[in-house]
Amino acid sequence: MRTARTVTALLAALTLTGCGAKVSDTPDGKQSKAAGGHYPVTVENCGVRTTYDKAPQRVVTNDVGIAEIMFALGLEDHMAGYVAPDYRSSRDDNGEAPWKSGYGRTKWLSKKEITKELVLDAKADLVFAGWNYGFGEGNGFTPEALKKLGVGSYVLTESCHNGTTSKARGVMPPLEALYTDLETLGKVFNVEDRAAKLVEGFKKRVADAQAQVPKDGRAPRVFLYDDGKDKPLTAGAFAGPHDIITKAGGDHVMKDLKDSWVTVGWETVVDRDPEVIVINNYGEVGAEEKKKFLMSYPPLANVSAIKNDRVFVLDYVDLVESPRNPAAIAALAAYLKGVRER
């Protein structure tokens, strides 16, 4: 049995090496490069250093925002497919799905949960997912489990665990996480110039939105409502909505929660009295139904946002880490400007 396990482990390691990725075994994670070549390249992702001898060729992504990070970088030809539910086709301001060509050129593997079987059937050499965005100890779908199958992993930076004994997520501000993933993947796939151009453009769009926010004005208090009736699911300081709200000129009422997506009590929402509620639009319970619940839920009757009917809707993919975050900041900034002017 010991011999069999050893052989299995060696086969897995050989397969992973064949895919072009391995955990660095040198003290500083550096290896020498062939003259004039890009590879090998070593990157750090959620505290793990990995060396790539070549760009992954058959990436499987989980969830819409993650797929669109790949599309934004122009990496469709490096993808075996994506897993995402039906709301992956949310529209932009012009009525078109951003990166429509990426969706058209990439196989939609499943609308359901990503699994090891799906990944193996796709002959994936890398899975790009996140903790609670596909990866989870409870379902056994983890980077460690995939490594045993000879498949590499890249973890969405928004979802990095921030403690060895805690399942809390988040190690940096949300927009910084987006920029970090774009720049890191730019190195992995040798498209660093493309990544740098994206980051530069996103930063400019955010700066332009912030330039419209009065410097001496009071920031409206904003609460993000994801879902939940008994207790609401909302965003803490390390989820996308935090930067979307604050950089749009709002005061994120749950900014003290050092986590990404978390559940709170309604009494906390009432106590913090948001002046605007942003609804996360996705799934079978859409924004209209969520708004009807909020407007008719007795404990919220005296909350400022409810009394003044100040509810703003953004799509799921706007609010999780994705290339749509800067546009979401611009849209919310315009809405909050109107709130301040009333």
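Me: What makes Lys307 exposed?
Reply: Lys307 has a relative accessible area of 55%. Exposed means over 50%, buried under 20%, and partly exposed in between, with a 1.4 Å probe and protein chains only. The value for Lys307 is 55%, so Lys307 is exposed. Lys307 is found in helix α11 (residues 304-307), and helices here are DSSP runs of H or I with at least four residues, while strands are runs of E with at least two, both numbered from the N terminus. Lys307 and Glu275 are 32 residues apart in sequence, and 9.0 Å apart in space from C-alpha to C-alpha.

The model is predicted, so local features need pLDDT of at least 70 and side-chain atom pairs count only at pLDDT 80 or more, while totals for chains, interfaces and linings use all residues. Residues are numbered from 1 along each chain as its sequence is written, and side-chain values use heavy atoms, with hydrogens and water left out.

Me: Why is Asp273 called partly exposed?
Reply: The relative accessible area of Asp273 is 21%. Asp273 sits in the loop between α9 (266-272) and β14 (276-281). Its phi is positive, about 45°, although Asp273 is not a glycine.

Me: What makes Asp63 buried?
Reply: Asp63 has a relative accessible area of 8%. The cut-off for buried is under 20%, so Asp63 is buried. Asp63 lies in the loop between β4 (59-62) and α2 (64-72), and its phi is positive, near 90°, in a residue other than glycine.

Me: How do you know that α2 is largely enclosed by the rest of the structure?
Reply: Nine of the nine residues of α2 are buried, so this helix is largely enclosed. Among them are Val64, Ile66, Glu68 and Phe71. α2 is followed by Gly74, with a positive phi near 70°.

Me: What makes helix α8 mostly covered?
Reply: In α8 (residues 240-247), six of the eight residues are buried. They are Gly240, Pro241, His242, Asp243, Ile244 and Ile245. Gly249 follows α8 and has a positive phi, near 100°.

Me: Why is α6 called roughly antiparallel to α7?
Reply: Helix α6 (residues 174-188) and helix α7 (residues 192-211) pack at an angle of about 165°, with their axes 7 Å apart. Angles over 145 degrees count as roughly antiparallel, so α6 is roughly antiparallel to α7. The axes are lines fitted to C-alpha atoms over the stretch in contact, and angles run from 0 to 180 degrees between N-to-C directions.

Me: What is the peptide bond that joins Tyr39 and Pro40?
Reply: The bond between Tyr39 and Pro40 is cis, with omega about 0°. Pro40 lies in the loop between β1 (21-23) and β2 (41-45).

Me: Which residues line the largest cavity?
Reply: The lining consists of Tyr225, Asp227, Lys229, Val285, Glu289, Lys290 and Phe293. On a 1 Å grid over the protein atoms alone, a cavity is a set of points where a 1.4 Å probe fits but cannot get out, and lining residues have an atom within 4 Å of a point. Helix α10 (residues 287-296) gives the most to this lining, with three residues.

Technical notes. On a 1 Å grid over the protein atoms alone, a cavity is a set of points where a 1.4 Å probe fits but cannot get out, and a pocket is an open set with protein on both sides within 12 Å along at least five of seven lines; lining residues have an atom within 4 Å of a point. Angles under 35 degrees count as roughly parallel, over 145 as roughly antiparallel, 65 to 115 as roughly perpendicular and the rest as oblique.
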